[in-house]
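Hi,

Here is the structure I promised to pass on. Have a look around first, then read my notes below.

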Amino acid sequence: MSEEKDTSRGQGFIQVLHSNWMAWYAMWFLVAYFLLVAGSMVFIDLNPYDQQTMDFFRPPRISFSFSQGLSKFILGTDDLGRDVYARLIYGARNTFLYALAAAVISSLAGGLVGFLSALYSSRLLNIIRILVSSVRSYTPVILAFAIITVLGPSLKNAAVAIAVSLIPRFTLICHEITTSEMKKEYIRAVMLDGAGTLAMFRLSLFPNIRDVLIIQFTKHFSMAILDLTALGFLGLSAEAQEPELGSMIAENMDMLYTGNYWIIAIPGVAIISFVIAINILSDGIRNALHRENL
């Protein structure tokens, strides 16, 4: 019975999500995005560092022939003759994977502190929550900037810095929504029935705050992408010549005045389209979960 119920709920969720055409197309856009990055790295011989001395500033051109296949340098080359498509694929992988790692780490750590401080009356937990929340007065990118200057510029250090800077935000959100739900009648009824704190949280409280957590996680993911690209634009994430979407824009800013706009526009469109799609999908998932629970 439980398996049939879970199956019917899953089918209902997909149907509700499918009814929201923007969220549905955003989901498939993200799937195609990931497949393009993964497929290009597996099936195409790409080298983001190779410099073609005879192909500087080659404009994008897509052509196909049965004898030669797809044309080379379909997104053009930069000022050093490097393949923009290869650098875009590797840059997208670096940006999105490290941003996802930062979002997961910050959500898990912040959620743990926020939930425990709200569920258990402990002076130590409250002190930790207050200390973590006090750091929230700093803008996340400014805090990440301060951390990265101490750790040194690299993608791993940038991901750690962004994760630390986003922990206070998720901690405060989890603490506030848990404290608010704890005051409601259904939680009191469950506790009066003899349920333990962990059982109450797993069976009653968490399902009712799941939608909020999903939205907050996707917002953290979007913020992590923007923060990582901002640090890359400032030269504080990727190392020399390492492809990353923010650093790709920064290192080619001078090329905008020479008419070679595609070198900047392509990574910029990649960042904007991904962030917009993931936010649209998160709203669609939230609405689908809400309607499914009605």
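**Core and helix packing**

In this predicted model, the largest nonpolar core is made up of 50 residues. The ones with the most contacts inside this core are L75, F96, I162, F221, I225, L245 and F274. Seven helices each supply at least two of its residues: helix 2 (21–43), helix 3 (84–119), helix 5 (140–151), helix 6 (155–182), helix 8 (197–233), helix 9 (245–251) and helix 10 (262–293). There is also a second, separate core of eleven residues, with L119, F170, M200 and F201 among them.

If you skip its neighbours within four places in sequence, F96 is in contact with Y33, F221, I225, L245, A270 and F274.

Now for how some of the helices pack. In general, you describe two packed helices by the angle between their axes and the distance between the axes.

The crossing is left-handed. On the helix 2 side you'll find Y33, L36, V37, S40 and M41, and they meet Y85, I89, Y90, A92, R93 and F96 in helix 3. Sorted by class, that contact has nine nonpolar residues, one polar and one charged.

Then follow helix 3 to helix 6. Here the axes come within 6 Å and cross at roughly 35 degrees, and the crossing is right-handed. This contact has 17 nonpolar, eleven polar and one charged residues.

Cheers

Methods. Residues are numbered from 1 along each chain as its sequence is written. This is a predicted model: local features need pLDDT of at least 70, side-chain atom pairs count only at pLDDT 80 or more; totals for chains, interfaces and linings use all residues. Side-chain values use heavy atoms; hydrogens and water are left out. A nonpolar core is a set of buried Ala, Val, Leu, Ile, Met, Phe, Trp, Tyr and Cys residues joined through side-chain atoms within 4.5 Å. Buried means under 20% relative accessible area, exposed over 50%, partly exposed in between (1.4 Å probe, protein chains only). Helices (H or I, at least four residues) and strands (E, at least two) are DSSP runs, numbered from the N terminus. Contact means heavy atoms within 4.5 Å. A crossing is left-handed if the near helix is turned anticlockwise from the far one by less than a right angle, and right-handed if clockwise. Ala, Val, Leu, Ile, Met, Phe, Trp, Tyr, Cys and Pro count as nonpolar, Asp, Glu, Lys and Arg as charged, and the others, Gly among them, as polar. Axes are lines fitted to C-alpha atoms, for helices over the stretch in contact, and angles run from 0 to 180 degrees between N-to-C directions.
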